[in-house]
Amino acid sequence: MMLTLENLINEYAALETEIRKIMTHLFSGTCGLCTACCCRADICEEAVESAFLARLLKKQGLGEKDMDDRFGWLDLSGCSLDYGRPPVCYAYYCDELLARLPDDTHRYSAGVLGKLILHIGQQALGNRHLVEIMDPDDLEKINYDRVFQRLEEAQAAFEVIKAYLASGMLNKADREVLAVITTEEP
Ligand code: SF4
Ligand code: SF4
């Protein structure tokens, strides 16, 4: 595959969509009834301020004009973005959500699942995370080798987590694939 911005956008959007579907399946029962929703309009705004996330929004035909001043991307059925959400939207789990998972292995794999989107963009331009790039022209200057490498790591970890959720088994080789995923905040 050519290491281009267009291909990165397409692959990233496809993986984020898959991750979102699994997270919705796992957590919508709890988050859907939550009265202390952790979504915040200032987090939503990152999706239009970040040059890369703005490109993902544009791919869905969305822009700043579509975002509600008060509720951001949140509507009655949850976040309306299919992809292009700030990475923190996947990485944060409240204690209530973690407590509902059956054991530590589920908590560990859910934690890695939530960090996959964050992982892809780490150190995309020097020490800057991909979503922290504000100038669209800088997207052409990112380290494409590194970002595609991280994308592949995230895709591999996603396959391991999907298989784990189906089988309940996580062996040593699987854990090594998951251990590659970084856990730093952007
Ligand atoms: S993560 Fe926790 S606080 Fe946030 S919406 Fe879900 S249940 Fe509510
Ligand atoms: S999940 Fe969606 S609605 Fe919630 S903070 Fe993130 S972008 Fe906003």
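## Cysteines

C34 has a relative accessible area of 36% and is therefore partly exposed, a class that lies between buried, under 20% relative accessible area, and exposed, over 50%, as calculated with a 1.4 Å probe on protein chains only. C89, with a relative accessible area of 39%, is likewise partly exposed. The structure holds zero disulfides, where a disulfide would be a pair of cysteine sulfur atoms within 2.5 Å.

## Basis of the values

This is a predicted model, in which local features need pLDDT of at least 70 and side-chain atom pairs count only at pLDDT 80 or more, while totals for chains, interfaces and linings use all residues. Residues are numbered from 1 along each chain as its sequence is written, chains are lettered from A and ligands numbered from 1 in the order in which they are written, and side-chain values use heavy atoms, with hydrogens and water left out.

## Aromatic pairs

Three aromatic pairs are present in the structure; rings of Phe, Tyr and Trp (its six-membered ring) pair if their centres lie within 6.5 Å, and planes under 30 degrees apart count as stacked, over 60 as edge-to-face and the rest as tilted. One of these pairs joins Y12 and F52, whose ring centres are 4.9 Å apart and whose planes stand at 80°, so the arrangement is edge-to-face. Because Y12 belongs to helix 1 and F52 to helix 3 (residues 51-59), this pair ties together parts that are 40 residues apart in sequence; helices here are DSSP runs (H or I, at least four residues), numbered from the N terminus. Y12 counts as buried at 1% relative accessibility, and F52 is buried with a relative accessible area of 0%.

F27 and Y93 also form an edge-to-face pair, with 5.3 Å from centre to centre and 70° between the planes. This pair links distant parts of the chain, with F27 in helix 1 and Y93 in the loop between helix 4 (88-91) and helix 5 (95-99), 66 residues apart. Both F27 and Y93 are buried.

## Helix 7

At the start of helix 7, a side-chain oxygen of N143 reaches to within 3.3 Å of the backbone nitrogen of D145. Helix 7 is followed by G168, which has a positive phi, near 80°.

How values were computed
A polar contact is a pair of N or O atoms within 3.5 Å; within protein, one must be able to donate a hydrogen and the other to accept it, and residues adjacent in sequence count only if both atoms are side-chain atoms. Helices (H or I, at least four residues) and strands (E, at least two) are DSSP runs, numbered from the N terminus.
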